Amino acid sequence: MRIAILEDDPDQQALIAAALGDGTATLTPFTTAHDLFRAMQNTSFELLVLDWRLPEVDGFEVLETLRNAYQWPGAVLFITADDAEDNVVRALGAGADDFLHKPLRVPELRARIEALSRRLGHVDSVGTTLFECGPLQLDLTAGIIRLHGDIVELTDREYRLAALFLQNPGQLFTRAYLLERIWSVSGDLNTRTVDTHISGLRRKLKLDGQQNHRLKSVYQQGYRLELSQP
């Protein structure tokens with residue numbers, strides 16, 4: 001997983017990097033929002049650790065820019081020394097995924113990052129490796145998906161795409177995010193490959209709503225796996 005850290009305090013930046021630097025993630029530190037935005041034009045980050053107080057703009061403005069101007073779908077962990085409830089509500093309402101107060105405690109920071117990582121579809125060596133969604137079963141250890149107990153033949157990208165949705169039912173993923181996450185290309189690329197692969201998954205995994213789960217297209221936004229009661 002690729003994690004960006006936007007923190008202008010070098011001591012805090014070092015603390016965060018040390019807490020997360022176990023080799024399971026690629027960490028890229030930034031001290032200004034300008035540097036982060038410039039890097040995001042060429043690099044796909046999946047999670048951002050964001051400090052509220054920055055020298056040029058505050059973290060809330062950075063978050064609004066990421067969500068609205070960049071349409072960035074990654075996870076955001078806000079860090080602040082201000083424990084005012086209004087700020088927490090404001091940040092979460094603007095699209096933050098979690099909140100931590102300073103002084104940071106390394107075990108808690110690691111736990112929050114691991115929780116966000118699982119939400120994004122990354123599983124560590126001691127995490128859950130078996131996911132069930134109706135008649136579908138995702139086995140991350142074996143790298144296979146079963147439908148009614150039978151293994152479904154999938155290409156590598158079909159498997160990775162399906163695994164992302166099966167681990168995150170109900171979560172909306174934009175086409176741009178899927179291009180960056182699954183194909184490792186720019187989200188701005190004008191291509192129908194995502195739509196083609198989604199169509200193939202609907203057919204192979206019966207994600208058309210007939211078995212109480214549907215891989216739904218959300219107009220001008222992306223796709224999400226919807227579950228309904230039998």
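Which residue stands opposite Leu147 in strand 8? The first close-up has the reply. Everything here comes from a predicted model, where local features need pLDDT of at least 70, side-chain atom pairs count only at pLDDT 80 or more, and totals for chains, interfaces and linings use all residues. Residues are numbered from 1 along each chain as its sequence is written, and side-chain values use heavy atoms, with hydrogens and water left out.

**Close-up A. Strand 7 meets strand 8.** It's Leu136 that stands opposite Leu147 in strand 8. Strand 7 (residues 136-139) and strand 8 (residues 144-147) pair in the antiparallel sense, with 4 bridges. A quick word on terms: strands (E, at least two residues) and helices (H or I, at least four) are DSSP runs, numbered from the N terminus, and two strands pair if DSSP finds at least two bridges between them. This hairpin has 4 residues between its strands, and Gly143 takes a positive phi near 70 degrees.

**Close-up B. Strand 8 also pairs with strand 9.** Look at Leu147 again: in strand 9 (residues 150-151), Asp150 stands opposite Leu147. Strand 8 and strand 9 are antiparallel and share 2 bridges. Between them sit 2 residues, and His148 in the turn has a positive phi of about 55 degrees.

Close-up C. Strand 11 is joined to strand 12 (residues 222-227) by 6 bridges, and Leu215 has Leu225 in strand 12 as its bridge partner. (Contact means heavy atoms within 4.5 Å; axes are lines fitted to C-alpha atoms, for helices over the stretch in contact, and angles run from 0 to 180 degrees between N-to-C directions.)

**Close-up D. Helix 2 packs with helix 3.** Helix 2 (residues 33-40) and helix 3 (residues 59-69) pack at an angle of about 15 degrees, their axes 11 Å apart. That makes helix 2 roughly parallel to helix 3; angles under 35 degrees count as roughly parallel, over 145 as roughly antiparallel, 65 to 115 as roughly perpendicular and the rest as oblique. On the helix 2 side, Ala33, Leu36, Phe37 and Met40 make the contact, and on the helix 3 side Val62, Thr65 and Leu66 do.
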